[in-house]
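Reader: I would like to learn how to read a model like this one, feature by feature. Could you walk me through it?

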Amino acid sequence: MTDNIEGDHDDSVRELSDVPAVEVISRAAVMLMSSAAEKLGLSDADPDSSPHRDLDEARRVITALAGLVTSSVEYLGPHAGPIREGLQALQRAFREASPYPDEPGKGPGEKYTGAVH
């Protein structure tokens, strides 16, 4: 095994310019979804007592995800449906986790997606 030293090229690492846009967008969406789930405490057995729960941060990440999904849906092809479903699930989870739920249409990302029920 050789170390990756200056000048060495690791063929298993792709150049960003070689990655199709749909893959970059999808990976960004998955990262935002994972972050939102963590910030909602969904990775813990009891989300209500999760030390990771931060609804203010979750709101920001879900809104960013909604903006990304809404603006790029035409490019996502078969990935669009599952990503939209994931976004809606996070929006519903946020509403359920909030001690004072937002009015319909005012929740995180709903200005981009419309009201989620």
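Author: Gladly! Let us begin with S98, which is buried, with a relative accessible area of 13%. Buried means under 20% relative accessible area, exposed means over 50%, and partly exposed is in between (1.4 Å probe, protein chains only). Two notes on the source: this is a predicted model, where local features need pLDDT of at least 70, side-chain atom pairs count only at pLDDT 80 or more, and totals for chains, interfaces and linings use all residues. Residues are numbered from 1 along each chain as its sequence is written, and side-chain values use heavy atoms, with hydrogens and water left out.

Reader: Where is the place of S98, and what lies 3.1 Å from a polar atom of its side chain?

Author: S98 sits in the loop between helix 3 and helix 4. The backbone oxygen of Y100 lies 3.1 Å from a polar atom of the S98 side chain. A polar contact is a pair of N or O atoms within 3.5 Å; within protein, one must be able to donate a hydrogen and the other to accept it, and residues adjacent in sequence count only if both atoms are side-chain atoms. S98 and L55 are 43 residues apart along the chain, yet their C-alpha atoms are separated by 7.4 Å.

Reader: How many helices and strands are there in the protein chain?

Author: The protein chain has four helices and zero strands, in the pattern α-α-α-α along the sequence. Both kinds of element are DSSP runs numbered from the N terminus: helices are H or I with at least four residues, strands are E with at least two. Of the 117 residues, 28% count as buried.

Reader: Which residues of helix 1 are buried, and why are they on the same side?

Author: The general idea comes first: an α-helix has 3.6 residues a turn, so residues three or four places apart point the same way. In helix 1 (residues 21–39), the buried residues are I25, S26, A29, M33 and A36. They cover an arc of only 95° around the axis, which puts them on the same side of helix 1; the arc is that of the directions from the helix axis to the C-beta atoms. On the other side, R27 and M31 are exposed. The cover over the buried residues includes helix 2 (55–72) and helix 3 (80–97). After helix 1 comes G41, whose phi is positive, near 80°.

Reader: Which residues have the most contacts inside the largest nonpolar core?

Author: A nonpolar core is a set of buried Ala, Val, Leu, Ile, Met, Phe, Trp, Tyr and Cys residues joined through side-chain atoms within 4.5 Å. Here the largest has 20 residues, and those with the most contacts inside it are L40, I62, L65, I83, L87, L90 and F94. Helix 1, helix 2 and helix 3 each give two or more residues to this core. Beyond four places in sequence, L40 touches residues including P47, I62, L90 and F94, where contact means heavy atoms within 4.5 Å.

Reader: Is E110 buried or exposed?

Author: E110, in helix 4 (residues 110–113), is buried, with a relative accessible area of 4%. Polar atoms of its side chain lie 3.0 Å from the backbone nitrogen of G107 and 3.3 Å from that of V116. E110 also touches R95, a helix 3 residue that is partly exposed, with a relative accessible area of 22%.
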